[in-house]
Amino acid sequence: MKGTLKGTETVTSPLQESALSKKGLCDYVINIASGCLHGCTFCYVPSTPAIRTRQALLSDKGVKNPQMDWGKYLFLRNKAPEQLSKILEKKRTWKTTNSGKGVVLLCSGTDPYQNSQTAFLTRKIVKLLIASNKRVRILTRSPLWTKDLDVLSHPNITIGMSLPHFDDSLSKLIEPSAPPPSVRFKALLEGRKAGCRLFIAAAPTPPSLKEKDFTEYLEKVITINPEIIFWEPINARGTNGSRMQQAGISFVTSVMTQKSWAHNFLQQWEMLNNAAQKVGCLDKLHIWPDKALKKFTDPQKVEYWINRPTIETWST
């Protein structure tokens, strides 16, 4: 697909229950758009039902291959704030699991701050959620959230950035349209100064990282005092492996089989734990293991992290 397709779409409800409680992230998600302009080659979202079940609708909008054309389309859900307001007024029950804690995540299938349009929608939605005493988690690769510090410096909001490494050159290759790690870290420093609650998604880490890299990474990350550091390595599943190969990323071939992926996962997990012990932040690590890993290691080691609550605390 040539160029970038932009437009709008409407969904029945922007607020959806989520299975991401298994990762300790949330019980609800709000996605303010379909598609994402960051174009991360490793992104798993295009292979999920969120995109696969909408292929006919996206095709009608001009997106012929929603999975391989990931990064080249964005359809805003402009009515989401108005819809959410009505939902919150009527909703009498609120799902709150032990691991999801009733948290609402923005977003699981796109980036809430990728441009000014998504930032505008995100700000309106966050204000509605906070006015209703809801817990909010924001996950982004963009520094635009620092323009909303007046709203985001709140005890019931935690802001996280996807920051798998600090190599700007590597980022340009695998996350071609996302702000580089150096810019993301500056945003976190600004958020820290403003008193925001922060977390890190050290995900997905490339297989090239060694224990020394993890140690240096954690020594830098810990300076912004994140409440939690989520982690998982790159998993070349679905079409993301093909997109990474298409982008000329050589290391992808080393993790494209389940066996090689599992080997890398377990190896990096051990290196990360060793690094965290050296740095003194082991208690902040929160692992995101895949159940498929059980075939390659002690199943209890994997099960320990599935549906495990984070160490984060909330005021309400």
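Begin with helix α4, and select Phe-120 and Ala-131: both are exposed (over 50% relative accessible area, with a 1.4 Å probe and protein chains only; buried is under 20%, and partly exposed lies in between). The model is a predicted one, in which local features need pLDDT of at least 70 and side-chain atom pairs count only at pLDDT 80 or more, while totals for chains, interfaces and linings use all residues. Residues are numbered from 1 along each chain as its sequence is written, and side-chain values use heavy atoms, with hydrogens and water left out.

Next, select Thr-118, Ala-119, Leu-121, Thr-122, Ile-125, Val-126, Leu-129 and Ile-130, the buried residues of α4. They lie on the same side of α4, because they cover an arc of only 160° around the axis, taken from the directions from the helix axis to the C-beta atoms. An α-helix has 3.6 residues a turn, so residues three or four places apart point the same way.

Move to the start of α4, where a side-chain oxygen of Asn-115 comes to within 3.1 Å of the backbone nitrogen of Gln-117. Just after α4, select Asn-133, which has a positive phi of about 60°.

Now turn to Ser-18, in the loop between β2 (15-17) and β3 (28-30). Ser-18 counts as buried because its relative accessibility is 9%. A polar atom of the Ser-18 side chain lies 2.9 Å from the backbone nitrogen of Leu-20. Finally, display Cys-26, Asp-27, Tyr-28, Val-29 and Lys-95: leaving aside neighbours within four places in sequence, these are in contact with Ser-18 (heavy atoms within 4.5 Å).

Technical notes
Helix = DSSP H or I, 4+ residues; strand = E, 2+ residues; numbered from the N terminus. Polar contact = N/O pair within 3.5 Å; in protein donor to acceptor, adjacent residues only side chain to side chain.
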